[in-house]
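Visitor: I would like to learn how to read a structure like this one. Where do we start?

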Amino acid sequence: RARLLHAVPQGWLCYVFTDIQNSTHLWETYPQMGRVLDIHNEVMREQIKEHAGYEIKTIGDSFFMAFPDCMTAVRFATVLQLRLLYADWPDSLLQLADCQ
């Protein structure tokens, strides 16, 4: 896990929270949501590590993270959006209204 790769951050930090939009609906209606969550979590943890972040807590599809400064957190969020956009999602997921 990404949180084990870096020391617990100290001092002034920038916190980031993420959550998959409409995930409750997706869990109820999309049978491959477990696979989707695996892809999501892999991308998240790669980017947390890449940007020297610290995974404080994960609940379901929500992440709570700390970064050493705000610029790093913004870079993380920007790159993360691109990595999620181009992740290898199942084609059937991309056909759902919530995912377009």
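Guide: With pairing. Two strands pair if DSSP finds at least two bridges between them. Take a case: Thr18 stands opposite Phe63 in β3. Keep in mind that this is a predicted model.

Visitor: How many bridges does the pairing of β1 and β3 run over?

Guide: Five bridges, and β1 and β3 pair in the antiparallel sense.

Visitor: And what joins β2 to β3?

Guide: Five bridges join β2 to β3, residues 62-67, and these strands run antiparallel. Tyr54 stands opposite Ala66 in β3. Ile59 has Ser62 in β3 as its bridge partner.

Visitor: What lies between the strands in the hairpin of β2 and β3?

Guide: Two residues lie between the strands of that hairpin. Gly60 takes a positive phi there, near 60°.

Visitor: In what order do the strands sit in the sheet?

Guide: The order is β1-β3-β2. Three strands form this open sheet, with antiparallel pairing. β1 (14-18) and β2 (54-59) stand at the edges, and each has a single partner strand, so one side of each is left without a neighbour in the sheet. From one strand to the next, the twist averages 15°.

Visitor: Now the whole chain. Which pattern does the protein follow along the sequence?

Guide: Read along the sequence, the pattern is β-α-α-β-β-α-α. That gives four helices and three strands. For overall extent, the C-alpha atoms fill a box of roughly 45 × 20 × 20 Å, taken along the principal axes.

Visitor: Next, charges. How should I read a salt bridge?

Guide: Start with the general idea. Side chains of opposite charge can pair when their charged atoms come close. The cut-off here is a side-chain nitrogen of Lys or Arg within 4 Å of a carboxyl oxygen of Asp or Glu. By this rule the count comes to one salt bridge.

Visitor: Which side chains meet in a salt bridge?

Guide: Those of Glu55 and Arg45, at 2.9 Å, N to O. Glu55 lies in strand β2 and Arg45 in helix α2, so the pair ties together parts that are 10 residues apart in sequence.

Visitor: Which residues form the negative surface patch?

Guide: Asp38, Glu42, Glu46 and Glu50 form the patch. For a patch, like charges are joined within 9 Å. One of these residues, Glu42, lies in helix α2, residues 33-50.

Note on methods: Residues numbered from 1 in each chain as written. Predicted model: local features only at pLDDT ≥ 70, side-chain atom pairs only at ≥ 80, totals over all residues. Heavy atoms only, no water. Patch = residues over 30% accessible without salt bridge, like charges linked within 9 Å, V, L, I, M, F, W, Y side chains within 5 Å. Areas by Shrake-Rupley, 256 points an atom, 1.4 Å probe, with all protein chains shown as cover. Lys, Arg positive; Asp, Glu negative; His and termini not counted. Charge placed at Lys NZ, Arg CZ, Asp CG, Glu CD. Axes fitted to C-alpha atoms, helices over the stretch in contact; angles between N-to-C directions.
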